[in-house]
Amino acid sequence: MYDYLSHQPLLKACKHSHEHAHNHEHSHADVRVMDKKILSISLMMTASMMLVQFIYALLSNSLALLSDTLHMFSDVFALTLSLLALIAVQKWQNEQKTFGYFRLEVLVAFINALSIILSAIFIIYESIYKLFYPEEIDAKTMIIVAFLGLLVNAFNAFLMFKNTNLDNLNMKSAFYHMMSDLLGSCVVVVGGIVVYFSKIVYIDSLLALILALLLLRWAVILLKQSTNILLESSPVDINEVKAMLLQDERVDEVFDLHITQITNKMLVATMHIKTPLKSLDEFELLSKDLAKNLLEKFHIGHSTIQALRSKNEI
């Protein structure tokens, strides 16, 4: 395999020799094994805590606690999808999927972002409704259960932060879910304490509304990132890449340049170049030099370059 045709995400965009390509493969396997382990632990803990919070949210009549439960439900959904994506990348093989199932990670991030947005919209609606029609809240139960949820979310978020590859959009989406739920638990605990001592029940709805708006902001950012990848938007400036290529005196013109992102740190470039070179050996050397520059300057690990003669082209 040519060293400028990487079919794995890059860990380091330098010295991408054939020997390094093998090291990358093992390193990525190790990274995804750890990601899968952390996701499995987080999924089991979050699902268990979600059931506990749902029961006590109904018993305590707390909208903030119910909103936090919905966040946990979206977490369970997100973690499940993220785990399935990792399994697919590692285990599934299909010659029709020429870049494997890496793009599935981005699709999962897109779905996760949509699930967060839908949850946030529901919470906003319920918050506004209960501001006008407040109900009594069992603040003591609300505080105890939310604090347990806070401990679970803090543990899971810490595991992800310390042990997973957060450059991966799939893992980033799962981590965002965890952080949003951690924030939600903090808000619910504080809100429960205020309600317990002040007896002002609409604070519960206000806190739920603030939490939903923060969730919405995070989700929109994640949705934008994943949508750009799914729409094949170039993750690097096309004009900067062209300018770099044209700095080589053996390149007269660059056209039909396409740069896409399969998943995190897995960029693909295809292009045509006009060159005065006459021999295939000279062009192969040029291709390797250009691919090396693309790798080192733009982290593009898979480059396909087709030549057209500057004169008498066919």
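Glu253 is partly exposed, with a relative accessible area of 37%; the class covers values between the limits for buried (under 20%) and exposed (over 50%), computed with a 1.4 Å probe and protein chains only. The model is predicted, so local features need pLDDT of at least 70 and side-chain atom pairs count only at pLDDT 80 or more, whereas totals for chains, interfaces and linings use all residues. Residues are numbered from 1 along each chain as its sequence is written, and side-chain values use heavy atoms, with hydrogens and water left out.

Glu253 forms a salt bridge with Lys274, with 3.6 Å between the closest N and O atoms; a salt bridge here is a side-chain nitrogen of Lys or Arg within 4 Å of a carboxyl oxygen of Asp or Glu. Because Lys274 lies in strand S2 (residues 266–275) and Glu253 in strand S1, this pair ties together parts that are 21 residues apart in sequence. Helices (H or I, at least four residues) and strands (E, at least two) are DSSP runs, numbered from the N terminus.

By this rule the count comes to 3 salt bridges. Asp248, Arg250 and Asp289 are linked in a network. Asp289 belongs to helix H8 (residues 280–298) and Arg250 to the loop between helix H7 (238–246) and strand S1 (253–263), so their pairing ties together parts 39 residues apart in sequence. Asp248 counts as buried because its relative accessibility is 15%, while Asp289, at 28%, counts as partly exposed.

The secondary structure of the chain comes to 8 helices and 3 strands, in the order α-α-α-α-α-α-α-β-β-α-β from the N terminus. Of the 314 residues in the chain, 47% are buried. The accessible surface (Shrake-Rupley method, 1.4 Å probe) comes to about 16100 Å², and 64% of this area belongs to carbon and sulfur atoms. Contacts are defined by heavy atoms within 4.5 Å; among those between residues at least 6 apart in sequence, 75% join residues at least 24 apart.

A nonpolar core is a set of buried Ala, Val, Leu, Ile, Met, Phe, Trp, Tyr and Cys residues joined through side-chain atoms within 4.5 Å. The largest such core has 29 residues, of which Leu39, Leu65, Leu79 and Met160 touch the most other members. Two or more residues of this core come from each of helix H1 (18–60), helix H2 (63–91), helix H4 (139–163) and helix H5 (169–198). H4 gives the largest share, 8 residues. Another core, of 20 residues, lies apart from it and includes Ile259, Leu267, Leu277 and Phe298.

Leu79 lies in helix H2 and counts as buried at 1% relative accessibility. Beyond its neighbours within four places in sequence, Leu79 is in contact with residues including Leu39, Thr46, Met160 and Met178. The C-alpha atoms of Leu79 and Leu39 are 6.4 Å apart, with a separation of 40 residues in sequence. With the same exclusion of neighbours, the contacts of Leu65 include Tyr56, Met142, Val188 and Asp204.

An unreviewed UniProt entry lists residues 38–59, 71–89, 101–125, 141–161, 182–200 and 206–223 under "transmembrane region"; such annotations may be inferred rather than shown by experiment. In the model, residues 38–59 are 100% helix and 0% strand, with end C-alpha atoms 32 Å apart. Residues 141–161 are likewise 100% helix and 0% strand, and their end C-alpha atoms lie 30 Å apart.
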